[in-house]
Amino acid sequence: MRPEESIQLITGQGYWTPLLWMAAALGTLLLAFLFWSRGRRGYKRGTEQDLPFVSGEKVENPRLAATHLYWGFAEALRPVLRRLGAWHSGVVNDYAAWFVVILAVIFLLIMV
Amino acid sequence: MTVVVRTITRVLFPIALAFGAYVIMHGHLTPGGGFQGGAVAASALAMVVVAFGAGSLAKRKGLLSGLESLGGVAFAALGFLGLGVTFFANVLAGAGGLFGNPVPYGPNPGDLNTAGTLPLMNWAVGFKVLAGLGAAVLLFALFGGEHDR
Amino acid sequence: MGTHAPILAIAVPLLGGFATPLVARISRVLRDFWVFAIALFVAVCVGFVAAQVFAHGVTVYVLGGRTPQETLAPGAFPIRIMLTVDGMSAFMGLIAGLLALVAFPFALRFIPEEEGKTLSFTLSLLLLAGIVGLAYTGDLFNFFVFLEVTSIAACGLIGFRTWTSRAPEAAFKTMLLYALSGLFFLMAVAFLYGEYGALNLAFLSRQLRGSALDRVALALFLSGLLLKVAAAPLHFWAPDAYGEAPAAKTLLLVVNTQVSLYGLWRILFTLYGGVLDAGVGWLVVAMGLLTMVVAAVMAVGQQDLGRLVAYGAVSQIGYMMLGVGVGLVTLAGRPDYALVALKGGVFHMLNDALTVGLLFLCVGAVEWVRGTRDLGELGGLGHGLPEVALFFLLASLALAGIPPLNGFASKILIYHGSFQLSPILTAVAVLASILLLAVFARAFQGVFLGPRVEVKPELPWSFLIPMIVSAVGIVVLGLVPGFFLEQVVTPAAEALWRGRHLYLAAVLGG
Amino acid sequence: MRGWLGVAAFLVAAGFLLFGAVALRPFGEPVWAEMDEHFNRFSQPEVAANNAVTAVVFDYRGFDTLGEATVLFAAVTGVALILRKVGK
Amino acid sequence: MIGNLPFVVCMILVALGLWTLVAKRNLIKLVIGVGLIQNGVNLFLVALGYVRGGIPPIYTLAPAGAPMVLPTPQALTLTSIVIGVATTALMLAFAVVIYRHKGTLDARKVRELRG
């Protein structure tokens, strides 16, 4: 096989070359660095500037647990999550019942 | 347990072991084999656990697990024995010597000294099953109860 | 060695598993060396077999036969158990050997001595032997036996943390469902035996005519194996099992699931390849989509790091099912794009093994350091464990299919292949990937970012080396995907796609 | 509602299982299987064993038996692992 | 139908086991349900090998001329019986530990892992 074939991935509808993508990504990063380097210089690490802004007052140990992250995201998915959580009920009988249902579905699909 | 159970157990224990050994030994001639004989012999251990309590065998737990490992190793090693030809090839059958007698074709009274590696495998599996089931029963009796919640 | 390599890869870990308690009585250091040496030996054997198979085609090993490779004369009847290793089996064996090399060194320090290290290593070796045997066997009842070996060894490992109240519960549920799957598989084998009086997979495959009993057996096969591979809505045991088992052993559970998936492909492509209709393919595709979406959504609401990663691992199964299911749907016409999707699905098995393996290793390291996996308590570990943070980020990006990592390389094949069947499939798959990216970004930020948290114990090298190996694998597979696709994946995919007659000919001759 | 759906699914599955049992060839007249013929006829010349079942278990299908012994060993190891005493 | 009544009985056993798994709430009864399915499958296997008027496939002092039943299903049944024993033992051990931790065997209360 030719060396470039060992890199790129022919998918029938086109091809994918990671090295090309890496070059593009590096260019983008360079651009981003340029924009970033033109930002404000007033930022001091270690001062209270890098404390999170929690409605104006100081909090000790400003740690954000993962359970609090993406609150809105989880909130938007709440109905779906409640429905799916009802599936994962934790009762073994329900899991066996799911198995029986799938067995019946497969039988109907294959035999009929 | 009551004295009746203990006495019957004392009487039946050697009989069960002997019958298990018989079933294992004649596995290639009569119905039975390693698994059945091992189960029969393990029932003797279960009887002892029931009659005299698990504490009477608690010391033997390490022995049982070691015996089980040995049985498994011996069985697998007998499989490796045929590796000169293929794995699990019965190299001893009909080769004379140990368990190497040929058998006449058709119904016959049966000769213990036949069937190559089969009797050896029967013994290995028999000890393995005896030790394994005995260890399982013993473990349930020792740790499976309420008392060590 | 050469001709006996397939059986050695199965029998040596069995013997090692039997002997491990005896070796441990001699010396614990000797036991560690013993276990690691056996894992290394298995890896060497599967590599050897894979090289042999990729070079010379299907390899047959007759157990107890006069010669190892005796293919029957045409019309003859297979009497003994045969191991039949084609490209797909060899590929599966490679994955098992690779993850064994990753998992066993990690477990050396991860499992404390006073918690029954010897027993856990015994079960791990038996599980490894069962996995390799499942991949190599060519006999249906032998397949069932190894299915049960993997089930029981895996459940013993799931219930390892018996002092917690969660692990025995997860193990009980998993064991119940595993027993169900094995029993239905056995019932299907019994139906086929009652109809044809044979147990050899290739022979039965030549006998099958698509009669009513064949289809009953197919339904039983499907139900049992779909339960074992954790396809939604039969996946409920998987998060419990992955989440509660010790992280070092979860890798073997992942390979166990994948080898069950391989068994499903073997049954569908090889055994029923001649009489299969597209409905089964659509069933596999639908359940694959359901699996990836349901698992990805469920991962959003998780509070436990291990359980979150477990849901991510379950969702990856859906991608494999989608990729190979596209091939199943179009098995009659065999268009080229379906082969692309099939390659993607098969390639994703390898990538998923590496990626999910690395994720669970990171979970294990975090748990080893902090003693908890609760996302509410973790945080700020990035300062103390920068390498673990890097590996976790790498693996989660690869899991979500971000270029240029390996997950993208296989997912783009699946996307392009499935797009031509129906764009909806691709849309759902991409949506699930985006969900996964969000979930793992949340997990990474919550666990590794934030104010510094002091970590006391230093990570031992036995943790870092397997992580480094997996990470290098992820990056390399992502940067030169074409090479591995050509060398390793294509033979496996072709063995499923057009290799059925080769499989039959290798066993039955003619 | 869901309960009735479950009952219906159970009835469908059981019905197809019974259908499979009925559609099988009649009891007592198994398919003429060359494998079993071979076992019955050659267990004496090849394995030198009178008991064909033992010959099948330990010679022709010995690998299954090894896996079976492995299952038993794994189960006992698992029981010892589950019921063990841990310092925690 | 009446010709292979034994197969039907085996399948009824399997169905009963499935119903036990779905309907019963006690973990020990669930283990019993799995045992029912195991026994149904084992009986099915061993019934597949029966030849009408056959004798066991053992040549020791065998009556001459009688047909022998098929040996393979008996070997398979032996294997699957031992596997069933192993499965049952492991599940009972899990049930013991679950009871030790939670003080109950009700499947509706053993649901710490959900969602």
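This is a conversation about a predicted model with several chains.

Visitor: Before we start, what should I know about the numbering and the cut-offs for the model?

Guide: Residues are numbered from 1 along each chain as its sequence is written, while chains are lettered from A and ligands numbered from 1 in the order in which they are written. Since the model is predicted, local features need pLDDT of at least 70 and side-chain atom pairs count only at pLDDT 80 or more, whereas totals for chains, interfaces and linings use all residues, and side-chain values use heavy atoms, with hydrogens and water left out.

Visitor: Okay, which chains have the most contacts?

Guide: Among the nine pairs of chains that touch, chains A and C have the most contacts, a contact being heavy atoms within 4.5 Å. Chains A and B, by contrast, do not touch, and their nearest C-alpha atoms are 22 Å apart.

Visitor: And what is the pattern of chain B along the sequence?

Guide: Chain B reads α-α-α-α, with four helices and zero strands; helices (H or I, at least four residues) and strands (E, at least two) are DSSP runs, numbered from the N terminus. Its C-alpha trace spans about 55 × 30 × 20 Å along the principal axes.

Visitor: How much of chain B is buried?

Guide: Of the 149 residues in chain B, 48% are buried, where buried means under 20% relative accessible area, exposed over 50%, and partly exposed in between (1.4 Å probe, protein chains only). Chain B exposes about 6300 Å², of which carbon and sulfur atoms supply 74%, with areas taken from the Shrake-Rupley method with a 1.4 Å probe and, for residues, only the protein chains shown counting as cover.

Visitor: Moving to chain D, is helix 3 mostly covered or mostly uncovered?

Guide: Helix 3 of chain D, residues 52-60, is mostly covered, with nine of its nine residues buried; among them are D:V53, D:F58, D:D59 and D:Y60.

Visitor: What covers those residues?

Guide: The cover includes helix 2 (34-52), helix 3 (61-81) and helix 4 (117-143) of chain B, helix 2 (34-47) and helix 4 (62-82) of chain D, and helix 3 (71-102) of chain E.

Visitor: Which residue caps the N-terminal end of helix 3 in chain D?

Guide: That residue is D:N51, which has a side-chain oxygen 3.0 Å from the backbone nitrogen of D:V53.

Visitor: Over in chain E, where is E:T104, and why does it count as buried?

Guide: E:T104 is in the segment after helix 3 of chain E, and it counts as buried because its relative accessibility is 17%. A polar atom of the E:T104 side chain lies 3.0 Å from the backbone nitrogen of E:D106, and, not counting residues up to four places away in sequence, E:T104 touches E:I98, E:Y99, E:K109 and E:V110.

Visitor: Now chain C: what are its domains, and how far apart are their centres?

Guide: The domain assignment gives domain 1 (1-276) and domain 2 (277-479), the bounds coming from an automatic or database assignment. Their C-alpha centres lie 23 Å apart, and 42 residues of domain 1 are in contact with 45 residues of domain 2.

Visitor: Which residues is C:E494 in contact with?

Guide: Leaving aside neighbours within four places in sequence, C:E494 is in contact with C:L339 and C:G499. C:E494 is in helix 19 (residues 481-497) of chain C and counts as partly exposed, at 26% relative accessibility. Although C:E494 and C:L339 are 155 residues apart along the chain, their C-alpha atoms are separated by 8.2 Å.

Technical notes:
Polar contact = N/O pair within 3.5 Å; in protein donor to acceptor, adjacent residues only side chain to side chain.
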